[in-house]
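My entries follow in the order in which I checked things.

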Amino acid sequence: MLKYEEIAEDIKSKIEVGEYLPNDQLPLEKEMCEKYGVSRITIKKAMDQLVMKGLVVKRRGSGTFVKDIDNKEVYDISTSNQFEGFTKTFSDKKIISKIVEFKIINAKDEIADKLKISEDEFVYYIVRARYADGVPYVMEYTYMPIDIIPGIKIDTLKGSIYEYIEEILNLKIKSAHRTIRASLPTKMEQEYLEISENFPILEVEQSAYLDTGQAFEYSKSRHRSDKFEFKSISVK
């Protein structure tokens, strides 16, 4: 095992036993270098490995923090198709995205916290209704930091935002934390999803990260329950 791998494994063990708790800041690079007797390059490699494992997140100008998840929920995910998005999931169908709302706002309170940015930073606020072969499937409410994902336009929203991120911006989507819950539709959702007020909705709340550990998306996708299927792969 290489030195940076040993360091990453040591920090991972400390996270698992609770020595480093969710949202705790890890020691700075200089302190790590002194503690482990290695160079900054070695520490950076160790941190990058922890980011790739989904255990820590880097916050610009602040440092590296333990992700806010239960340690029992830490998995190595061995599939990439969880990030294909709506367009690729239904690649055999004609996809239409109706842009309900698109604006730039200040990140505040929960949104700033979820994206790990300050409240004076700007984010896109995007509301879309997604259709496959003319059938409504989901309403998406998405926040993205404008300086992390620059250049989004109306034409981008009509297609796949994830394709834009990876193929145009050349960024790599790495991990996501999701919570799924049942709910009832709002009046707007009843209209766009063509359902009644008592028709069940399945909401997927998501915080998504690039391979750098930077949060690039906080979203809530509100699915028609008759059109929703969740698949998960967990590796012990």
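**Entry 1: the hairpin**

I began with strand β1 (residues 56-59) and strand β2 (residues 63-66), which run antiparallel and are joined by four bridges. The model is a predicted one, and I read every value below with that in mind. I looked up Arg59 and found that its bridge partner in β2 is Gly63. Three residues lie between the strands of this hairpin, and Gly61 has a positive phi near 75°.

**Entry 2: helices**

I noted for myself that two packed helices are described by the angle between their axes and the distance between the axes. I took helix α1 (residues 3-16) and helix α2 (residues 29-36) as a pair: their axes come within 12 Å and cross at roughly 105°. An angle of 65 to 115 degrees counts as roughly perpendicular, and α1 and α2 are therefore roughly perpendicular to each other.

Which residues make the contact between α1 and α2? On the α1 side I listed Lys3, Ile7, Asp10, Ile11 and Lys14, and on the α2 side Met32, Lys35 and Tyr36. Sorted by class, this contact has four nonpolar, no polar and four charged residues.

I then moved on to α2 and helix α3 (residues 40-52), whose axes come within 9 Å and cross at roughly 105°. That makes α2 roughly perpendicular to α3. In α2 I found Glu29, Lys30, Met32, Cys33 and Tyr36, which meet Arg40, Ile43, Lys44 and Met47 in α3. The residues of this contact divide into five nonpolar, no polar and four charged.

I traced an open sheet of six strands in the order β3-β4-β5-β8-β7-β6, with antiparallel pairing. Which strands stand at the edges? They are β3 (95-106) and β6 (173-183); each has a single partner strand, so one side of each is left without a neighbour in the sheet. Neighbouring strands of this sheet are turned by 15° against each other on average, direction ignored.

I followed β6 to its pairing with strand β7 (residues 201-210), which is antiparallel and runs over ten bridges. Within this part I noted Arg178, which stands opposite Gln206 in β7.

**Entry 3: Ala208**

I stayed in strand β7 to look at Ala208. Is Ala208 buried or exposed? Its relative accessibility is 0%, so Ala208 counts as buried. Leaving out residues up to four places away in sequence, I found that Ala208 touches Tyr162, Ser175, Ala176, Gln214, Ala215, Phe216 and Glu217. I also checked His177, which is 31 residues from Ala208 along the chain; the C-alpha atoms of the two are separated by 6.5 Å.

**Entry 4: Arg222**

My last stop was Arg222, which I placed in strand β8 (residues 215-224). Buried means under 20% relative accessible area, and Arg222 is buried with a value of 7%. What do polar contacts join to the side chain of Arg222? I found the side chain of Ser183 at 3.1 Å and the side chain of Glu189 at 2.9 Å.

Methods
Residues are numbered from 1 along each chain as its sequence is written. This is a predicted model: local features need pLDDT of at least 70, side-chain atom pairs count only at pLDDT 80 or more; totals for chains, interfaces and linings use all residues. Side-chain values use heavy atoms; hydrogens and water are left out. Two strands pair if DSSP finds at least two bridges between them. Helices (H or I, at least four residues) and strands (E, at least two) are DSSP runs, numbered from the N terminus. Axes are lines fitted to C-alpha atoms, for helices over the stretch in contact, and angles run from 0 to 180 degrees between N-to-C directions. Angles under 35 degrees count as roughly parallel, over 145 as roughly antiparallel, 65 to 115 as roughly perpendicular and the rest as oblique. Contact means heavy atoms within 4.5 Å. Ala, Val, Leu, Ile, Met, Phe, Trp, Tyr, Cys and Pro count as nonpolar, Asp, Glu, Lys and Arg as charged, and the others, Gly among them, as polar. Buried means under 20% relative accessible area, exposed over 50%, partly exposed in between (1.4 Å probe, protein chains only). A polar contact is a pair of N or O atoms within 3.5 Å; within protein, one must be able to donate a hydrogen and the other to accept it, and residues adjacent in sequence count only if both atoms are side-chain atoms.
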